[in-house]
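Welcome! Take a moment to look over the sequence and the 3D structure below, and then let us walk through some of their details together.

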Amino acid sequence: MTTDASGAPAPPAALLAARLAAHGLDGGFPSAAAALDRLVCVQAQDLAAAKWVLGARVPGLDEAALDRAIAEGSVLRSWPMRGTLHFVAPAMLRPILRLTAARQLQRAAKTHRDEGIDDEVTAAARRTAVALLEGGRSASRDELQRAWGEAGIPIAGQRGYHLLWRLAVEGLLCPGPVETRARQRFVLLDEWSPRSADEPVSDDETLATLFTAYARGHGPVTVRDFAWWTGLTLTSARTALAAAADAIVSFDEQRYVAADAAPVPRGPAGRHVLAPFDEYFLGYGDRTAFCSADDALKVVPGKNGLFLPVLVEDGRVVGTWRRSPERRGITDVELSPFGAGLDPAAFRPALERWAAFWPTRLGEVALAG
């Protein structure tokens, strides 16, 4: 059970109910863009898995509709924070990068030195990318790296990827049109997603907006949760809380804060089948309110950074699940509960919704082993 700073237990039922509501898992959002307006950033290094993070929060959404939202630019994907890909609200990408880019590049400095990626190499890669992409054109990762190679910029090993990542963090490139279920082509950010008039201007305004949005889409949360989620320092996280003070309220007097004083649902309810890296599990530095430390290890077996898709019941993570390869348009699903008593049939409605998103037909739902 989570405790507050004084050692007193936080109210778990109220906390979980509030978080389910914040995530939109208790009712949903009208569109993928609305979900991102609430959540701001959704980790998305695996494009196919990340699509279901949004699909789980938007009733009736399917993959084709989400791909259209990506093509229209209302759902943007890039590397805003923590060195990894996220779906991000378009108006927030540049402001977030102003806060995080220097820290992300500092963390990557040794790798870039080892790969021979210095300012001169980066400038040459930038010129080549602009020449290839300007005018609304796009290129696959392979096409972009081939152009760099032809320009005399070595791309062996992971060097090409690190160049691409650096130019994205510097705000030049971003993923654009969907090429396959799991891959996008690259474009120039300023052409694909022009600056909007409602972007925060100053760092203080961005910190306030970002903390408020994080608390609104994940809350109740702690300052340490925010620092983990953004990859910013704890000092910056405290500055963000202070900047957002007028929009933030205490949730439990001591530790947790939320974005408003809206009534909390009476209790967490419902069953959900969530994607790997879903924000409901991933979006907190402290996950003990909804998943024990022992069970969390089962979500990330081997501590290798690869998260399994999770089962959520009444706000708590109660197991993992996996799909079998589709056969004749039918997909079977296997559930791996953390304890006894989990009923596969109880998760079938949530899995039917997941199957409709892709689309496939749901077959057998059974317990593992």
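## Getting started

Pro 220 sits in the loop that links α11 and α12; helices (H or I, at least four residues) and strands (E, at least two) are DSSP runs, numbered from the N terminus. The peptide bond that leads from Gly 219 into Pro 220 is cis, with omega near 5°. This is a predicted model, in which local features need pLDDT of at least 70 and side-chain atom pairs count only at pLDDT 80 or more, while totals for chains, interfaces and linings use all residues. Residues are numbered from 1 along each chain as its sequence is written, and side-chain values use heavy atoms, with hydrogens and water left out.

**Confidence**

- The predictor's confidence in each residue is called pLDDT and runs from 0 to 100.
- Averaged over the chain, pLDDT is 92, and 95% of the residues score at least 70.
- Over residues 1–10 the pLDDT stays under 50. For this stretch the model has 24 contacts beyond four places in sequence, where contact means heavy atoms within 4.5 Å.
- Where pLDDT is low, the predicted coordinates should not be read in detail.

**A pair of helices**

- Two packed helices are described by the angle between their axes and the distance between the axes.
- How do α12 and α13 pack? Helix α12 (residues 223–230) and helix α13 (residues 234–243) meet at an angle of about 120°, and their axes are 9 Å apart.
- Axes here are lines fitted to C-alpha atoms, for helices over the stretch in contact, and angles run from 0 to 180 degrees between N-to-C directions.
- From α12, the contact uses Val 223, Arg 224, Phe 226 and Ala 227. From α13, Leu 234, Ala 237, Arg 238, Ala 240 and Leu 241 take part.
- Sorted by type, the residues of this contact are seven nonpolar, no polar and two charged. Ala, Val, Leu, Ile, Met, Phe, Trp, Tyr, Cys and Pro count as nonpolar, Asp, Glu, Lys and Arg as charged, and the others, Gly among them, as polar.

**The nonpolar core**

- A nonpolar core is a set of buried Ala, Val, Leu, Ile, Met, Phe, Trp, Tyr and Cys residues joined through side-chain atoms within 4.5 Å. Buried means under 20% relative accessible area, exposed over 50%, and partly exposed in between (1.4 Å probe, protein chains only).
- Which residues touch the most other members of the largest core? They are Phe 87 and Leu 351, in a core of 116 residues.
- Helix α11 (residues 203–218) gives this core its largest share, seven residues.

**Buried residues in helices**

- Arg 19 belongs to helix α1 (residues 12–22). Is Arg 19 buried or exposed? Arg 19 is buried because its relative accessible area is 0%.
- Arg 19 and Arg 216 are 197 residues apart along the chain, and their C-alpha atoms are separated by 9.2 Å.
- Ala 355, in helix α16, counts as buried because its relative accessible area is 1%. Leaving aside neighbours within four places in sequence, Ala 355 is in contact with Thr 360, Arg 361 and Leu 362.

- Pro 359 lies in the loop between α16 (348–357) and β12 (361–367).
- Val 40 is not a glycine, yet has a positive phi of about 70°. This residue is in the loop between α2 (32–39) and β1 (41–43), and Val 40 is buried because its relative accessibility is 2%.
- Phe 277 has a positive phi of about 65° although it is not a glycine. Its place is the loop between β8 and α14 (279–282), and Phe 277 is buried, at 10% relative accessible area.

**Partly exposed residues**

- Glu 179 is in strand β4 (residues 173–180) and is partly exposed because its relative accessible area is 34%. Apart from neighbours within four places in sequence, Glu 179 is in contact with Ser 140, Gln 184 and Arg 185.
- Gly 270 lies in the loop between β7 (257–258) and β8 (271–274) and counts as partly exposed, at 29% relative accessibility.
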